[in-house]
Amino acid sequence: MGVEICVEGLTKSFGHQVIWQDVSLTLPAGEVSVMLGPSGTGKSVFLKTLVGLLKPDCGSVKIAGRDITRLREHELYEVRKLFGVLFQDGALFGSMNLYDNIAFPLREHTRKSESEIRRIVLEKMDMVGLIGSEGKLPGEISGGMRKRAGLARALVLDPEIILFDEPDSGLDPVRVAYLNQLIVDLNAQIDATFLIVTHDIASARQVPDNIGLLFRRELVMFGPREELLTSDEPVVRQFLNGRMQGPIGMAEEKDAAQVEQELAALGDGSKTPGSQALTPRLLPGPGITRPPRWEAIARHEAELRRRKAVADA
Amino acid sequence: MRLSPSGALRHSGNLFAMALDVVRTMPRRPFQAREFIQQAWFVASVTILPTALVSIPFGAVIALQIGSLTRQLGAQSFSGAASVLAVLREASPIVTALLIAGAGGTAICADLGARKIREEIDAMQVLGIDPIHRLVVPRVLASMVVAVLLNGLVSVVGVAGGYFFNVVLQHGTPGAYLASFTTLAQLSDLWAAEIKALVFGAIAAIVASYKGLTAKGGPKGVGDAVNQSVVITFMLLFVTNFVMTAVYFQVVPQRG
């Protein structure tokens, strides 16, 4: 299960404004990846390009060996059935209640009986903790519930790839923690390829296998989580630490001299590699049976923690 | 909307492309019967009352104008014939078009526009569902059907209104008015008017859907889209009306 997404040389601009250029990365099958970036760096545009809602200027997006950017409309609709997408505000259909919203893809794409649809929908609603709210309209519930309902709808066709557009925006820290746990649990259960687009550093530190960072119209870095968390690349460090000193400015970027000065003033030993503390990784909850991939991750985490305890002592 | 010649061309091109998509998608199964009935009911419910209320004074104005014109020309015996002709041929398709565009089209545009900016349309596409097939085709068909039916309503109400004003208020002779009914008008006039209404209904719904589906920039964008859709629809309707009328006179031999 899970499908690899291979992005090569992707460039997108609106008019004369280049959003990002020459983005190349591979989202490994079955793994969780996070795309980080300051506000307005085209993270959502990137996500929409992956599902073929926007056409890039050049480059390719290969999913299961097919280039999304060159498919004809009806082929595109076929490939999109592999995807589940959680939009920023859930993007639920305002005229339908939650049950009908979540049942919608099943009714449109499958010939399942109503009782079978009911079973699947209730199972997914249980998964995201929405049992009892079937009859509510999207306008009547909180933003967090809308997001969870949107997630349930994205899951209902058993997608191979799940994309999350800022799952944590507009939620309180506790709900974000629950949502992160839910994402990790889901990955252990359904083994799909996950891409989370966000600017929440806490989530990015805990959840993914891989992290990418978009800044200054390009992909600054993409790689395994530990590599980025311990990276000495100034942009990556500034962003992951959420501080003002560094190349990222309020409006756009700062000039090089100022950056140098700031970093020197900070004097946090940024020249010693690997000095960054590794946040422990979020693991699937106790009730979830872990597939081999997660078993390996859990062992690795335990090993790291043991080593840290030894170093501290 | 930027005012550049290429922009205008691009918009017309996209609009035309969507119209072609609608035509191409129309025969695709499964037909969205539920959506079609809901939309037909909805468009009818927002247009029937205003249409009836508009067509009464419209018929009256035509009756008054023709009544006084025929008196000036000394052709009172033709007043019935002329007012039926005017209502049937021009007034009813135009009134239908204005109401379908003004009441039905704006509602369609606002609805789709709101869905677009809430990302519902994107979500639908990502779920592998073509919004043209699922949303636009039922709306276009609904609007066409309702336009045809409304055209009948306007014709009846307009002619009845004309009769009332001519006979009761201008003291015309009922017998002469009724007798001259069919001296100029013929059945093909009614068919032509119905075909016009059908085309106007399609244009109004396609323009409204196009503008709704391309709305952007938040709630203000939806307002702009609705505004533009009405303006564009009206312009297209009057041009189409002129062309269809000219063709009609060339194709169908006239009486008398």
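**Entry 1. E166 of chain A**

I began with E166(A), which is buried, with 20 other C-beta atoms within 10 Å. The model I consulted is a predicted one. A residue counts as buried at 20 or more such neighbours, so the count of 20 places E166(A) in the buried class. I located E166(A) in the loop between β7 and α6 (173–190) of chain A. I then looked up its backbone and noted a positive phi of about 45°, although E166(A) is not a glycine. For context, I recorded that most residues other than glycine have a negative phi.

I looked up A91(A), where phi is near 50°, a positive value in a residue other than glycine. I found A91(A) in the loop between β6 and α3 of chain A.

**Entry 2. E301 of chain A**

I next turned to E301(A), which lies in helix α11 (residues 292–312) of chain A. E301(A) counts as partly exposed because it has 15 C-beta neighbours inside 10 Å. Leaving aside residues up to four places away in sequence, I listed P280(A), R281(A) and L283(A) as the residues that E301(A) touches.

**Entry 3. The open sheet of chain A**

I traced an open sheet of six strands in chain A, in the order β6-β7-β8-β3-β9-β10, and noted that its pairing is mixed. Which strands form the edges? I found β6 (83–86) and β10 (218–224) of chain A there, each pairing on one side only. The twist averages 15° from one strand to the next.

Within this sheet I examined the pair formed by β3 (residues 32–36) and β8 (residues 193–197) of chain A, which run in the parallel sense over four bridges. In this pair I saw S33(A) opposite L195(A) of β8(A). I also recorded that helix α5 (residues 143–155) of chain A packs on the sheet, where it touches β6 and β7 (161–165) of chain A. The direction of α5 makes about 175° with that of β6(A).

**Entry 4. The nonpolar core**

I looked up the largest nonpolar core, which holds 138 residues. The members that touch the most other members are V85(A), A152(A), L163(A), L213(A), V140(B) and A204(B). Which helix gives the largest share of this core? I found that helix α3 (residues 79–117) of chain B does, with 18 residues. I followed V85(A) in more detail: beyond residues up to four places away in sequence, V85(A) touches V51(A), A154(A) and L163(A), and also A123(B) and V126(B).

**Entry 5. Where the chains meet**

I noted that 15 residues of chain A are in contact with eleven residues of chain B. On the side of chain A that touches chain B, β6 and α3 (98–109) of chain A each supply at least two residues. Of the elements on that side, α3(A) gives the most, with three residues. I sorted the residues of this side into nine nonpolar, two polar and four charged.

I then looked up R80(A), in the loop between α2 (73–79) and β6 of chain A. R80(A) counts as buried because it has 23 C-beta neighbours inside 10 Å. Its contacts, not counting residues up to four places away in sequence, are V51(A), G52(A), V126(B) and G128(B). I also noted that R80(A) and L50(A) are 30 residues apart in sequence but 9.9 Å apart in space, C-alpha to C-alpha.

Helix α1 (residues 5–25) and helix α8 (residues 187–213) of chain B pack at an angle of about 115°, with their axes 10 Å apart. I recorded the crossing of α1(B) past α8(B) as right-handed. Which residues meet there? L15(B), M18(B), A19(B) and V22(B) of α1(B) meet I206(B), V207(B) and Y210(B) of α8(B). I counted seven nonpolar residues in this contact, with no polar and no charged ones.

Finally, I found a cis peptide bond between R29(B) and P30(B), with omega of about -10°. P30(B) lies in the loop between α1 and α2 (33–73) of chain B. I noted beside this that most peptide bonds are trans.

Definitions and conventions
Residues numbered from 1 in each chain as written. Chains lettered and ligands numbered in written order. Predicted model: local features only at pLDDT ≥ 70, side-chain atom pairs only at ≥ 80, totals over all residues. Pairing = 2+ DSSP bridges. Axes fitted to C-alpha atoms, helices over the stretch in contact; angles between N-to-C directions. Contact = placed C-beta atoms within 7 Å. Buried ≥ 20, exposed ≤ 12 C-beta atoms within 10 Å, placed from the backbone. Left-handed = near helix turned anticlockwise from the far one by under 90°. Nonpolar A, V, L, I, M, F, W, Y, C, P; charged D, E, K, R; others polar. Core = buried A, V, L, I, M, F, W, Y, C linked by C-beta atoms within 7 Å.
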